[in-house]
Amino acid sequence: MKTDAFEQQASRLRAIALEASAKAGADADIAQDIAQETMIRLWQMRDDPRLSNPDGYAVMIARHLTLNHLRRKPPLPIDERLKAGPTAPSPLDLMVQREEEQWLRQRIRDLPPTQHAVLHLRQVEHRSNSQIATLLGVKETSVSTLLARARRQLLEEIRQQREREKR
């Protein structure tokens, strides 16, 4: 390809490379850089007889450059790795979490039977207030009241437990 022919096609080839890079997963800024690099490589190949299909080469080069860029993600700086924290909870954290879950399950079991039933039907079985009212033989407004009381009681017990833990 002659220099003047390349110059006439340059803007179109750059647009093709930009689109190919974006489709391959590059963000806008990176796609601009890759399109520029693609144009440099196409310029270097302008006298190569294999460049009979410059559009195809532009797509191929831009796609390969994008994939190479995406593979080379820089490692996080040490400060960022420390902020990210551990990837898995420690055994102590797991033990504390299990104890808290057991404590909460016990508090739910200790609720009055009707409140326990309403809370279970609502939170575990995901039933509507009207379904719960029908199952328990109570008014729908009573379901709302019982549910609110159960939640309020559990919340109060959680608050008290937190206060004891602070001491």
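Start with what sits over the buried side of helix H1: the cover includes helix H2 (28-44) and helix H3 (54-71). Keep in mind that this is a predicted model. The H1 residues that end up buried are Phe6, Ala10, Leu13, Ile16, Ala17, Ala20 and Ser21. That spacing makes sense if you think about helix geometry. An α-helix has 3.6 residues a turn, so residues three or four places apart point the same way.

Now look along H1 itself. The helix covers residues 3-23, 21 residues in total, and spans 29 Å from its first C-alpha to its last, close to the 30 Å expected at 1.5 Å a residue. After H1 comes glycine 25, with a positive phi near 115°.

Zoom out to the whole protein chain, and you'll count 8 helices and 0 strands. Reading from the N terminus, the order is simply α-α-α-α-α-α-α-α. The radius of gyration is 32 Å, well over the 15 Å that the globule rule gives for 167 residues, so the chain is more spread out than a compact globule. You can see that in the box its C-alpha atoms fill, roughly 90 × 45 × 20 Å along the principal axes.

What about burial and surface? Of the 167 residues, 23% are buried. The chain exposes about 12,200 Å², with carbon and sulfur atoms supplying 53% of that area. As for contacts with a separation of 6 or more, 58% come from residues 24 or more positions apart.

Conventions: Residues numbered from 1 in each chain as written. Predicted model: local features only at pLDDT ≥ 70, side-chain atom pairs only at ≥ 80, totals over all residues. Heavy atoms only, no water. Helix = DSSP H or I, 4+ residues; strand = E, 2+ residues; numbered from the N terminus. Expected span 1.5 Å × (residues − 1). Buried < 20%, exposed > 50% of the residue type's maximum accessible area, 1.4 Å probe, protein only. Contact = heavy atoms within 4.5 Å. Rg over C-alpha atoms; globule rule 2.2 N^0.38 Å. Areas by Shrake-Rupley, 256 points an atom, 1.4 Å probe, with all protein chains shown as cover.
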